[in-house]
Amino acid sequence: MAAAVLDAESFGGHECLEEDEEELEASLEDPESEPVGKFIPGGRGCCILTRRGITLRVLLKDGLIEPGEGVLSIYYLGKKFLGDLLTDGKIVWQETGQVFNSPSAWATYCKKLVNPAKKSGCGWASVKYKGQKLDQYKAVWLKKYQPNTPPADEGLVSEGEEEELADDEEDEAKGVKSSLSESMLARKLEEKNRKHSGKSPAESLGTDNGKRPESKNCVPVRYCSLGIRDSARNPHTLVEVTSFAALNKFQPFNVAISSNVLLLLDFHSHLTKSEVVGYLGGRWDINSQLLTVLRAFPCRSRLGDADSAAAVEEEICQNLFMRGLSLVGWYHSHPFSHALPSLQDIDTQMDYQLKLQGTNNSFQPCLALICAPYYPGNQGMESKISPFWVMPPPEQRPYDYGIPMEVEVTYIQDGFLTNDVLHEMMLLVEFYKGAPDLVKFQETWGPEQTYLDKLKASLAARTPKDQGFGHVLDQVYSLLKLSS
């Protein structure tokens, strides 16, 4: 069926007309058998091919663009997507091999992965071909074949849709990977290695002469004070989390966390004066929208040790598979500062949320936990553990940071300590034995309290009521005394 006549006055309308474009993609005759130019013959008579009627096949036929691998790209809220352009004008997303009929279909799909509330993709204003927006190639075609056609009002189409953030372009220039297979652990270790570049972990935290280290002078800021992204801003700036109620929104998922998970990650965080990182395993029930965190997997790896990180990650993947669990999030520690995310943590979490989103339209959350074991502002001796999630910034402010959201969780008290948890605690003690940043558990933490007393008090609230494993914990504590 021939394309319907399109009014030239519809150029640059206030909304992106993806559905219209999809219909045009399906209804236009194959340009291989039709002359590309001013007119398209059809059942309803001849008509002028207008801006909205131009497809990738038209541009391919006329030689303005060429098929190729990775020639198409999308930037959206700090994320990059790459696509291959086929000879028939279809697009293959490199990450999954999914095929899309038009730029709008691809853009809408990718943007919904990052922001589930996104309703349209504004594909021709969002997708780039070899670094230039496809809209510009449309303009070249129109200027060549229809010089009297008025130019589109690009401002109306792209308002609030300028996704090429400064950070994205910097990442592209540096060749930063953005594939789903990128290791969460490797990235976190790399970030922390840069953070402490030139210093040992102990030196970077100022721990000398056995004295209790002072908390970092990091005063948290409110999200509303951040404004637009600024490359000059310290990436380790801590940001206060925002409640969903404050934004008149409901939390989009429920969370339940096992007490054994908190016990193990709290134990891990207490062992060293450096930041630690680990994975969270559990299950996602799409029907009840409940994310259940059942197991913590500490990463026994040192900063910058890529080989060790890869081996640890492979072991964790096998453990997840053997237990029938899915990767549902990650945790890390802020040893001597607030249990609040930094700007770097916010960007990292946003990236992880995309990586765990999956390859279909179904939503799956990714949870982040921050443990602050030695921050002196904590109430009592129990570590502060804060769960958070990142909400994309408003579409009309694409240059802003993601919004760190406070996540309400239900804590499930386990009846007993599993052998897995006890075994993992032993492995962690052995791993950090003799490390320069190992906490000296026999030294004084507070008035008449040692670091070991601090650890025991913090774990007490997370220890199962069944005291049958008490003697095993005592053995772990004895090993800590010897190793430190």
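Modeller: Happy to! Helices here are DSSP runs of H or I with at least four residues, strands are runs of E with at least two, and both are numbered from the N terminus. Counted that way, the chain has 15 helices and 18 strands. Please keep in mind that this is a predicted model, in which local features need pLDDT of at least 70 and side-chain atom pairs count only at pLDDT 80 or more, while totals for chains, interfaces and linings use all residues. Residues are numbered from 1 along each chain as its sequence is written, and side-chain values use heavy atoms, with hydrogens and water left out.

First, the overall setting. Of the 484 residues in the chain, 51% are buried (under 20% relative accessible area, with exposed meaning over 50% and partly exposed in between, for a 1.4 Å probe and protein chains only). Contact means heavy atoms within 4.5 Å; among contacts between residues at least 6 apart in sequence, 73% join residues at least 24 apart.

Now to the packing itself. Two packed helices are described by the angle between their axes and the distance between the axes. Helix α10 (residues 259–271) packs on helix α13 (residues 419–432) at an angle of about 10 degrees, and their axes are 10 Å apart. That makes α10 roughly parallel to α13. The axes are lines fitted to C-alpha atoms over the stretch in contact, with angles from 0 to 180 degrees between N-to-C directions; under 35 degrees counts as roughly parallel, over 145 as roughly antiparallel, 65 to 115 as roughly perpendicular and the rest as oblique.

From α10, the residues N260, L263, L264, F267, H268 and L271 meet V421, E424, M425, L428, V429 and Y432 of α13. By class, this contact has nine nonpolar, two polar and one charged residues. Here Ala, Val, Leu, Ile, Met, Phe, Trp, Tyr, Cys and Pro count as nonpolar, Asp, Glu, Lys and Arg as charged, and the others, Gly among them, as polar.

L263 has a further partner that deserves a look. Leaving aside its neighbours within four places in sequence, T463 is in contact with L263, Q413 and L473. T463 is found in the loop between α14 (451–460) and α15 (470–483), and at 18% relative accessibility it counts as buried. T463 and F416 are 47 residues apart in sequence, yet 8.0 Å apart in space, C-alpha to C-alpha.

E448 has a positive phi of about 60 degrees although it is not a glycine, and at 82% relative accessibility it counts as exposed.

Finally, helix α11 (residues 306–322) shows how a helix can be sided. Its 17 residues should span 24 Å at 1.5 Å a residue, and its end C-alpha atoms are 24 Å apart, which agrees; the expected span is 1.5 Å times one less than the number of residues. In α11, S308, A309, V312, E313, I316, N319 and L320 are buried. They cover an arc of only 130 degrees around the axis, which puts them on the same side of α11; the arc is that of the directions from the helix axis to the C-beta atoms. The face turned away from that buried side carries the exposed residues D307, F321 and M322. Just after α11, G324 takes a positive phi of about 70 degrees.
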